[in-house]
Amino acid sequence: MSAPGGQEINVLVKALAAHIKRAAESGAGGATAPGDPPVQSAPVGAGAGKSTAESCKVCGRSLLHDGQRGAKVISEEDWYGLHEGDDLYADRTKIEREVKEFIAKVPEVTRQNHLEQGIPLTQLLTGPLRKRNDKNREMIAKFEARRDAVAQAKDSKCAFLPEPPNDIYRVLTRTQKKRNLAEWDLIRAELEDASELSVGASVIYRVPQSAGPCPASALNLIPETKLSKKCAELWTKLSASQQDAEDRWDSGGF
Ligand SMILES: [Zn+2]
């Protein structure tokens with residue numbers, strides 16, 4: 001009943017622990033030696049609220065990673081936009097009423113023609129109402145795909161969703177995202193050099209890279225080659241939903 005990629009994860013856990021130790025010893029990235037008291041440095045960005053100097057609770061580093069500093073922490077539900085349905089369904093009801101009124105004004109002959117040819121009556125819509133109707137349907141389809149993918153991931157044994165202490169999602173700016181990826185690239189290169197990770201191996205991140213995970217912890221990694229057929233199918237859905245959520249956060253959030 002072990003999580004997918006158990007063996008690889010054990011190797012990664014050891015390799016990453018060694019990486020953190022080396023980083024701490026060399027003082028790279030402002031890390032201190034394990035056991036040192038937490039460093040109280042000034043908050044990043046005045047009035048940034050939660051973004052005061054914090055440790056990384058996932059790998060135990062005494063400061064947050066470069067790409068995480070100042071980033072707002074949000075829940076998994078919020079990151080995947082799982083509350084968006086409330087507004088979308090309310091809009092749906094309103095739009096459907098308007099669509100009905102619109103179609104009622106179309107001449108009976110035209111309506112009959114459409115029905116006889118099997119053309120949906122919504123094809124009669126024009127202008128802004130047509131756009132709103134199409135957009136609302138598209139958004140609902142995406143919302144439902146995200147909601148279902150996350151629910152299925154929770155119910156499955158694929159272990160795609162993060163567990164404490166790794167279950168931290170952040171809203172990252174493009175710069176923060178780049179920094180987080182840069183740190184992971186370095187760590188990855190180190191792991192590949194040491195043959196602890198196959199070169200170019202596909203890796204699943206439980207907290208998506210765009211949500212600012214700890215780049216130095218194996219808790220966030222699953223080697224993709226180890227997935228069962230069922231988990232691979234679920235991953236296809238969940239990764240599409242992660243991409244959708246990422247795109248939404250890039251364009252201002254939900
Ligand atoms: Zn960390």
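**Serine 195**

I started with serine 195, which sits in the loop between helix 6 and strand 3 of this predicted model. Its phi is positive, near 55°, and it is not a glycine. I noted this one down because most residues other than glycine have a negative phi. Next I asked: is serine 195 buried or exposed? I found 10 other C-beta atoms within 10 Å, so serine 195 is exposed.

**Glycine 200**

I stayed in that loop, between helix 6 and strand 3 (203–205), and looked up glycine 200. It has 8 C-beta neighbours inside 10 Å, so it counts as exposed.

**Helix 6**

I then went back to the helix that serine 195 follows. Helix 6 covers residues 174–193, and its 20 residues should span 28 Å at 1.5 Å a residue; I found its end C-alpha atoms 28 Å apart, which agrees. Which residues of helix 6 are buried? My list reads Gln176, Lys177, Asn180, Trp184 and Leu191. Looking down the helix axis, I saw these buried residues fall within an arc of 100°, so they line one face of helix 6. On the face turned away from that side I wrote down the exposed residues Arg174, Thr175, Asp185, Ala189 and Asp193.

My next stop was the loop between helix 5 (127–155) and strand 2 (169–171), where I found proline 165. The peptide bond from proline 164 to proline 165 is cis, with omega near 0°. I flagged it because most peptide bonds are trans. Alanine 159 lies in this loop too, between helix 5 and strand 2. Its phi is positive, about 55°, although it is not a glycine. With 18 C-beta neighbours inside 10 Å, alanine 159 counts as partly exposed.

**The whole chain**

Last, I stepped back. I counted seven helices and four strands, in the order α-β-α-α-α-α-β-α-β-β-α. Buried residues make up 26% of the 254 residues. Of the contacts with a separation of 6 or more, 72% join residues 24 or more positions apart.

How confident is the prediction? The mean pLDDT is 86, and 83% of the residues reach 70 or more. I found confidence lowest in helix 1 (residues 6–26), at a mean of 67, and highest in helix 2 (residues 76–79), at 98. Over residues 28–51 the pLDDT is below 50, and this stretch has 37 contacts in the model beyond near neighbours in sequence.

Terms used:
Residues are numbered from 1 along each chain as its sequence is written. This is a predicted model: local features need pLDDT of at least 70, side-chain atom pairs count only at pLDDT 80 or more; totals for chains, interfaces and linings use all residues. Helices (H or I, at least four residues) and strands (E, at least two) are DSSP runs, numbered from the N terminus. The expected span of a helix is 1.5 Å times one less than its number of residues. A residue is buried if 20 or more other C-beta atoms lie within 10 Å of its own, exposed if 12 or fewer, and partly exposed in between; C-beta atoms are placed from the backbone. The arc is that of the directions from the helix axis to the C-beta atoms. Two residues are in contact if their C-beta atoms, placed from the backbone, lie within 7 Å. pLDDT is the predictor's confidence in each residue, from 0 to 100.
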